[in-house]
Amino acid sequence: MESIKFKTNINCGNCIKSVTPHLNDLDDVDFWKVDTDNPDKVLEVTFDDEANEEEVIKAVEKAGFNIEKI
Amino acid sequence: MEETIKNIKTSVTGMTCAACANSLETFLSELDGVDSVKINYADQSANISFRKDLISEDVLNDAASKIGYGLILGTAQKQVEQTEYIEEERLNTLKKKLIIALTLTTPIFVISMILNNSIAYANEISLVLSIPVLFYSGNEFFINAYKRIRHGQMNMDTLVALSTGIAFLYSLFNTVYPEFLISRGLEPHVYFESAVVIISLILLGRYLEERAKSKTSSSIKNLIKLQPSVVTIFRNGEETEVPVEEVITGDLVIIKPGGRIPVDGKIKKGETYVDESMITGEPIPVFKTKKDQVFTGTINGNGTLRVLATGVGNDTLLSQIIEMVRNAQAEKPKVQKIADKIASVFVPVVILIAIFSAAIWYFVGPQPELTHAVSVLVTVLIIACPCALGLATPTALMAGIGNGAEQGILIRNADSLESLQKSNILVLDKTGTITEGKPRLKEIIWAGNVPEEDKVYYKNVFLSIEKESEHPLGKAIISGFLKDLKNPEVFEIENSQNVPGKGMVADCKGSKYVIGNLKMMDDHDAFTNDPIIKAKHIEYERRAGTKVYMAKGQEVLCFAVIEDMVKPGVKETIKQLRKEGIEAEMLTGDNEVTAKAVAREVGIEHYKANLLPSDKGKTIKELQSRNFKVAMAGDGINDAEALALADTGIAMGTGTDIAIDSAGIILMKGDLSKVLQAVKLSRNASKTIKQNLFWAFIYNIIAIPIAAGVLYPFTGWLLSPMIAGAAMAFSSVSVVLNSLFLRNKR
């Protein structure tokens, strides 16, 4: 179990909806959440075992959002 | 053109920001025929008004999907309601027409047959009363006859329209201008009562038949009911409940124990036993864990699941089955009714006879030749149509349906009763149709070194441990032992541990026991060198059934065989059917070994195993293309398409609603041997229909020569209304009586 935080531009409920399929599709992601109240729009991802930040960045970028590791 | 403008309000999918709304709005409003578009981003909806004659909802949706959005048009549920509404309207209209016809026919009949047209203005009153009967209640006969004749075809409607139309016109002429015939020495008869009685009785028949018919759409409604309406999803780290329409591909759906699975998807988290019997027909729940596929409509067992939705809405396997059933029902060709077949030959023959008789009267008849000739032409055509024609089929069907109901055979539509007797192949589903569809403990195979006196003790241990089990087969084992053991004892079990998909370990009275499949035995290093177990094990590899082993410590004591048993009497039924010229073929989604074992047990020579639901439908089509008349018996959702496609669908009353609704015949208790009675009933009913048609036509056929003037030299009659009336009464009574005989025939 490992967690990583990212800074994104995932703004609103609908942005979350569009990023949902991409993040849910990642096999070893256990849990994720975007804090849209935070000005940095922090995405927190918890993994089943080892963290794989590359995978998350790829998925979020594919969904059309900016992302960088904090 | 005010009424061609249509306004719709729909939900829009796929919009993620205000710019999307703008882009969709601009895109749609530029389409031909679109009047105005308002997209509301906040509630994700669209208000579109467009010209119905230029563009349709589907075109709009296609256009929207080109740029990545979707319009949620009428849901399947709404479409079903729509078709049901139309059907109900049809039946109501028919009822209204029938009531008007019967109410007006009664006085016309009384005036003519009882009062003998002796009251003042008898003809005028009959004329006025018969107009609505012919041209409102009976309008469809004329419309259909006209449509057919344009294609050079004739059927029952042609006969009815021809006879009643001519009877009416002839009577109208004689009412308005009776002097014409009187001055030529002929009596101006009117035949209003013939015309209206024919129409009334045939409408009555049609109404009865229509009412006995099943509603094709209800099966689809039942399938839709399998989709839960509210779904719990996990979005942005929180559980939320949303309507099922809002779930998108890629959502994580949470499924609680015992819940129905609302989407097609892949398990992301959790493990469980899923009851997939409605899709596959197999009764034993399947163990599923991470990365396994689950399907909409199946039932989750005891685990909580997080499922990644891969198919939602119209993309689920269930929706595809709905679509297949719908197509199958729409594609199914209508059986040409035997009455129509007869009429298509009878009508031209009658017309020829009429013309021929008229010609004889014209060339060799007495004065006035032309009047006589026309009069004969008309009366032959009038008398030809039997009133009881409309009653022949429906009364036989209703009697047959009543007869079936007493034997536990529910017949839901006329076509099935007619088509079953023609079958030469009966396709059977395995699970739930040939077999009981419930796993049962068949026997216990003991190792040779287990002493006889210990067996009861071990059975009790087995029973006690299974009571702690979560495995779906556990129930079958428990009820098997409870029946088998005279005094079942439940021992205290300690440290019981379920290993999903494999079995369980538990301590009982100080010893450790392992129960489960071979993998479970391996995991616990349990083994056996016992020759009996080994031999039996090999033997059972080739037979149907599941083996559950029990080991004490590391030594295998026994294995239980759990099997979905064949229903009693199936073998005999299949043999009898073969004698009647109907060969059985088995289709199953189950594996080759089980299929072969079951087929051999019941004496079926042809079978196919490992089939997907759509394969069953394909097999039916293939058989039909080889000119077989196919009856299909089944009970599961996976059989629904095949049941709808087959010439005759027979569902087990114990099966799923959708199978029941796709079939025309239902065996109420799921007793397959009733198929034999159903076939006999179908044969009897079809015989009765033919006899009825004979009785309907025979009096009229006898009356045709009289109408043609055969009796004229002796009596001076052409056609008296008396003869028309007698033919009418005799044929109707004969038909009804003959149908009543079928009621009690076994």
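How much area do chain A and chain B bury between them? In this predicted model, the two chains bury about 1,600 Å². Of that area, 45% is on carbon and sulfur atoms. Within chain A, three residues stand out: A:Lys17, A:Asn24 and A:Asp27 supply 35% of the area that this chain buries against chain B.

On one side, 17 residues of chain A take part. They are in contact with 21 residues of chain B. Charged side chains meet here as well. Four salt bridges are found across the interface of chain A and chain B. A salt bridge also joins A:Asp30 to B:Lys269. The closest N and O atoms of A:Asp30 and B:Lys269 are 2.5 Å apart.

Chain A also carries an annotation. UniProt lists residues 1-68 of chain A as "domain: HMA", in an unreviewed entry. In the model, this span is 32% helix and 32% strand. The C-alpha atoms at the ends of residues 1-68 lie 21 Å apart.

Aromatic rings form another set of features. Over all chains, the count comes to 19 aromatic pairs. One of them joins B:Phe173 and B:Tyr177. Neither residue of the pair is buried. B:Phe173 has a relative accessible area of 37%, so it counts as partly exposed. B:Tyr177 is also partly exposed, at 40% relative accessibility.

Other rings of chain B are linked into a cluster. Its members are B:Phe135, B:Phe142, B:Phe168 and B:Phe192, joined by ring pairs. A ring can also face a charge. The charged end of B:Arg306 sits over the ring of B:Phe234. The distance to the centre of that ring is 4.2 Å.

B:Gln407 is found between α14 (389-406) and β14 (409-411). Is B:Gln407 buried or exposed? Its relative accessibility is 12%, so B:Gln407 counts as buried. Leaving aside residues up to four places away in sequence, B:Gln407 touches B:Lys674, B:Gln677 and B:Arg746.

Terms used
Residues numbered from 1 in each chain as written. Chains lettered and ligands numbered in written order. Predicted model: local features only at pLDDT ≥ 70, side-chain atom pairs only at ≥ 80, totals over all residues. Heavy atoms only, no water. Phe/Tyr/Trp six-rings, centres within 6.5 Å; stacked < 30°, edge-to-face > 60°. Buried < 20%, exposed > 50% of the residue type's maximum accessible area, 1.4 Å probe, protein only. Lys NZ or Arg CZ within 6 Å of the ring centre and 35° of its normal. UniProt positions renumbered as here; feature names shortened; annotations may be inferred. Helix = DSSP H or I, 4+ residues; strand = E, 2+ residues; numbered from the N terminus. Contact = heavy atoms within 4.5 Å. Buried area = accessible area lost by both parts, 1.4 Å probe.
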